[in-house]
Each structure stands twice: as structure tokens, then as C-alpha cells.
Amino acid sequence: MMDRWLRLALIGLIGVMASACVGLGGEPAIISTRQPAPPATATPPPAPDRGVPASAPDLTNGARLYALNCADCHGEGGRGNGPVALNSGMAIGDFTDPTSARDQTPHEWFTTITNGRIENLMPPWGNVLTEQERWDVAMYTYTLHYTAQQLELGATLYQECAECHGDTGRGDGPEAVASPVRVKDLTDQTAMTTIDDAFIYRLLVEGFEDVMPAYGDRFSEDELWAVVAYTRSLSLADPRAAQTPVDDTVLDISGTVTLYGEDTPPDGVGVTVSAFDIETGQPVNLNLTPVQPGPDGLYRFTGVPREDGLAYFASVTYGGYPFASAPRIPQEGTAAL
């Protein structure tokens, strides 16, 4: 009898303990008394493109971004001969051909970079590069067919235009005050990104009413295109950055070090650039000092000795293990690793 009553008492005690662990709705107390989770914070959408450069496009930055993101397809010199293009068998335009850009506006060029051309295997870069970076790349490639000699000639001939347009193209030349209409500002990004080079050429040839004289019978065709190139350069931050003659004896090598899961590379991880003979596989000593990548992971080597028949690669050591880029055989004066 005592055993029976003891069992009943134990069952009742267990029932009381179980009821104490249950919330008002029958749910576990740990749930019923827990603080509600804070509402999820929505990530604000990126600001829409302004549709015009916020500042003068920087060709030096454009060249850097091009080497990192575009050279594999379009070629290090923009001739459409990158390794990916050659392996795919697709015909890619030659940016060094003057006809590649003359009939297109820079805004059209920018739109192609932003949205891509999937039918030609070109990805969109709108969510990868900022708007200003896309303008930098757009104007770097748009003006890649300009030459240093062309810009020098254009600068000389432009002196006739400077009387109205001013030395820097802002429409503030000494004759601008006497003009019956406001002289155009050739640094105005909204205006300059929406007209193509062919339009500027026709304007030089034909003139504009009684305001701008015609130069079609005064300048040769080459001279006219030289003035076009220089006129366009007035709206750029560093117009000659893309036209520096290539020194075939040295290379500029750049790239990015990425540590997955981190925004910046770890401190103390130096990048080394090495080379080997593609026929024998033997290493070649380049005598280069390792460099520390910047906060964004970017690194750059300048003046790297270039020799035919060599493949170059970058490497780092992290956690006791070596990591290396794919080797590249540079065809021009720059290489992205």
C-alpha cells in the first residue's frame, strides 16, 4: 500500500514540475519569456546611376581597372586578343582602331559596360564597379586609339579655338565675351558624354552658323581628328595616361590579393612576382622586392624586366602555405595577376 501511494505522489510531483516548465499557451517557457527578435534591417538599394560622371574620368584608374577586369578578353593593349577571347574563338573589337568608337557616344560605351552584352559573353559590371569607376573604364577604352603624337598636334592646333573656348576649354577665352551666344564649355560632362567624336569632327569641318568658323578647308583630315582628340581630352582628368608609349623591355604588373571572408588582406603578407622559362620550366630570378598590398588588396610592380618566352606569376605565403596566381605570358607592357 505504501509503495502504491509513493508512486502516486511521485507521479503528482512530476506533473507539477512539468506544468511549471510550460508557458501560458502550452509552449515552452523559454520561448514564451524570450525577448522578441529585433526586426530585420533591410539593406538599402544602391543609389541609382546619375548617368553622368561625378568628376572628370580618370584614365589612370581606368587603365588599372581594365587590367584587372577586362584584359583577359580584350587584351592587355585593347586589341581584342586576350586569352579568353582567343580560346573562345569570338571576334572582339579592337579599341586601338579609331573606327571602334568614333560613331558612338561615351554614354553608349558606358551603358555597354554597365549592362554587358551577354550575347557576346560580356558580363554586366553595374553591380561590380561604382558608377565613377565604370566611367573611368569607359573613357579609358573610348580614347585608347588616341596617340600621344595626335594629342600634341591637337594641342597646337587648338590654340585657334582657345580664343573662344579658353586654354582649358571652359568657354572663357578672351573672345567669349564678344560672342553673341554662350561659348560651349568643353569640360561639361553632361554635354561631352552625349556627343560622339564624329559629331565634333563634323562641327569642326562645317562650323556653326556665324559663331564658330569652319576648319574643313584649313585643316587636313588627320589634323581635324587630332583636334577632336585634344578637345575630348579637355574633359578628362589625365588625358595622356592611356597614350604613353609602351616600353617593351619592362612590365607593369598589378593584381588583387583576396582573403575570403575578410574585407582586407592580412598584415604582413607580401606579394612576390616570379617568372619561369615556358620551354624549359626553369625559374628566372627577377630580383624583385616583395610588396605589401594596400587596404583594398591591390598591389603593383613597375619596371619588371620583360623577356620573350617567360611566364610570370604572383604568389603569397599565408598560414605556412603558398598561394599563386595563374601564370601569364604578357603581350603588352602591362599584366594583371
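Two strands pair if DSSP finds at least two bridges between them. The legends below use that sense of pairing, and the model they describe is predicted.

**View 1**
Strand 5 covers residues 310-318 and strand 6 covers residues 321-324. The two strands pair in the antiparallel sense, over four bridges. Ser 315 has Ala 324 of strand 6 as its bridge partner.

Phe 276 has Pro 283 of strand 3 as its bridge partner. In a regular strand, side chains alternate between the two faces of the sheet.

**View 1. Helix 3 packs against helix 7.**
Two packed helices are described by the angle between their axes and the distance between the axes. Helix 3 (residues 59-69) and helix 7 (residues 131-142) pack at about 90°, and their axes are 7 Å apart. Angles of 65 to 115 degrees count as roughly perpendicular, so helix 3 and helix 7 are roughly perpendicular to each other. On the helix 3 side, the contact is made by Leu 59, Asn 61, Gly 62, Ala 63, Leu 65 and Tyr 66. On the helix 7 side, Glu 133, Asp 136, Val 137, Met 139, Tyr 140 and Thr 141 meet them. By class, the residues of this contact are seven nonpolar, three polar and two charged.

**View 2. The largest nonpolar core holds 24 residues.**
Which members touch the most other members? They are Tyr 66, Trp 109, Ile 113, Val 137, Ala 138 and Tyr 142. Helix 3, helix 6 (106-115) and helix 7 each supply at least two residues of this core. Helix 7 gives the most, with six residues. Trp 109 touches Phe 95, Ser 100, Ala 101, Gln 104, Ala 138, Thr 141 and Tyr 142, with residues up to four places away in sequence not counted. A second, separate core has 16 residues, including Ile 253, Val 273, Phe 301 and Tyr 312.

**View 3. Helix 8 crosses helix 12.**
The axes of helix 8 (residues 148-157) and helix 12 (residues 221-233) come within 7 Å and cross at roughly 90°. That makes the two helices roughly perpendicular. Helix 8 contributes Gln 150, Leu 151, Leu 153, Gly 154, Ala 155 and Leu 157 to the contact. Helix 12 contributes Glu 223, Trp 225, Ala 226, Val 227, Ala 229, Tyr 230 and Ser 233. Nine residues of the contact are nonpolar, three are polar and one is charged.

**View 4. Ala 56 lies in the loop between helix 2 (29-32) and helix 3.**
Ala 56 has 31% relative accessibility, so it counts as partly exposed. Ala 56 and Leu 236 are 180 residues apart in sequence, but 5.0 Å apart in space, C-alpha to C-alpha. Beyond its neighbours within four places in sequence, Ala 56 is in contact with Gln 132, Gln 189, Ser 235, Leu 236 and Ala 237.

**View 5. The whole protein has 12 helices and seven strands.**
Of its 337 residues, 37% count as buried. Among contacts with a separation of 6 or more, 62% join residues 24 or more positions apart.

How values were computed:
Residues numbered from 1 in each chain as written. Predicted model: local features only at pLDDT ≥ 70, side-chain atom pairs only at ≥ 80, totals over all residues. Heavy atoms only, no water. Axes fitted to C-alpha atoms, helices over the stretch in contact; angles between N-to-C directions. Parallel < 35°, antiparallel > 145°, perpendicular 65-115°, else oblique. Contact = heavy atoms within 4.5 Å. Nonpolar A, V, L, I, M, F, W, Y, C, P; charged D, E, K, R; others polar. Core = buried A, V, L, I, M, F, W, Y, C linked by side-chain atoms within 4.5 Å. Buried < 20%, exposed > 50% of the residue type's maximum accessible area, 1.4 Å probe, protein only.
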